[in-house]
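This report describes the fold of one protein chain, element by element. The sequence and the model are shown here.

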Amino acid sequence: MNKEISAEMLLGHLYPELELLWTVRHRGTFYRNYSPDVMDIDEENMSVDIARDGLLKLIPPALLTGDFELTNTDAKGKNHTTSFKSRYEAMKQRLHLLDEAFLPIDTFRFRTRLATERHLEDILAIKVEHVLKEYYGIDLSTVTDELVKKAAMLMPYLNKRRGDVRYVKRILETIAGHKVRMRQSAYSDTDNSRYWIQKVDFDIHVDGLDTESYRKEETRLKPLTEFLSEYFIPVDIICNFNIVGKNKENKLLNYNSNVL
């Protein structure tokens, strides 16, 4: 789990129907040093532990525990009549009860942030759709291919990413769901090394395909590769997208694009 993902975003995407049902326990920001924001999710009891401070942490420590509560002597310099262990257990019990008392308030605040996060995502989604339609001429409501829809969401970064072939490789791997190998070379149709342009081959590794499944995968990825070629690859770069891998029967005359 990515440590930078907030609990509101994660729960909003994984369990949108439970927005008003979560019970939240704030375990403290100390755990944030080595733990993600969401420390534990109990789907059965609809409770979640997060690495944040609750409202109880806002109360001055002097109001929660006495200065001499765990020392050998009390405020008057006299020895305590109870053992250190019993005093420590009593303090833990008192703090636990205070945690439980603040639990409804912390839970209400968290549910409010969940709702706010959802509204912000809706607003941002509308903003992205507006930008794509007005500035790039892409109407997401008319785009039928799901892979192209995902790639289109990256269009606002086009001015900084056009021609970044490594970025295109990452897009392919993330959206297509396959490992991609990138090969860069120089191309010239005159066999003259003084005049050439850049050539990039993206080898999309998909094993276990026969002739029919190869064609299906090629058809599935074609809209995505055409979209990337049109918007993210400059005209002065020759770009090829190849589906490669080992087929089921390993017959040379059947599909086997391992032979390059």
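The sections below cover a sheet, the helices on it, and the nonpolar cores of this predicted model.

Three strands make up an open sheet with mixed pairing, in the order 4-5-6. Strand 4 and strand 6 are the edge strands; each has a single partner strand, so one side of each has no neighbour in the sheet. From one strand to the next, the twist averages 20°.

The pairing of strand 5 with strand 6 is parallel and runs over 8 bridges. Within this part of the model, Gln-198 stands opposite Ile-237 in strand 6.

## Helices on the sheet

Helix 6 packs on the sheet and touches strand 4, strand 5 and strand 6. The direction of helix 6 makes about 150° with that of strand 4. Helix 7 lies across strand 5 and strand 6, and runs at about 160° to strand 6.

## Helix 7

Helix 7 comprises the 21 residues 211-231. At 1.5 Å a residue the helix should span 30 Å, and its end C-alpha atoms are 30 Å apart, so the two values agree.

Which residues of helix 7 are buried? They are Glu-217, Leu-221, Leu-224, Thr-225, Phe-227, Leu-228 and Tyr-231. An α-helix has 3.6 residues a turn, so residues three or four places apart point the same way. The cover over the buried residues of helix 7 includes helix 4 (146-152), helix 5 (158-161), helix 6 (165-176), strand 5 (197-205) and strand 6 (237-244).

## Nonpolar cores

The largest nonpolar core holds 34 residues. Those with the most contacts inside this core are Ile-138, Met-155, Phe-202, Leu-224, Phe-227, Leu-228 and Phe-232. At least two core residues come from each of helix 4, helix 6, strand 4 (179-187), strand 5, helix 7 and strand 6. Helix 6 gives the most, with 7 residues.

What does Phe-232 touch, leaving out residues up to four places away in sequence? Its contacts are Leu-154, Met-155, Leu-158, Arg-161, Arg-162, Gly-163, Tyr-167, Val-168, Ile-171 and Phe-227.

Key. Residues numbered from 1 in each chain as written. Predicted model: local features only at pLDDT ≥ 70, side-chain atom pairs only at ≥ 80, totals over all residues. Heavy atoms only, no water. Helix = DSSP H or I, 4+ residues; strand = E, 2+ residues; numbered from the N terminus. Expected span 1.5 Å × (residues − 1). Buried < 20%, exposed > 50% of the residue type's maximum accessible area, 1.4 Å probe, protein only. Contact = heavy atoms within 4.5 Å. Core = buried A, V, L, I, M, F, W, Y, C linked by side-chain atoms within 4.5 Å. Pairing = 2+ DSSP bridges. Axes fitted to C-alpha atoms, helices over the stretch in contact; angles between N-to-C directions.
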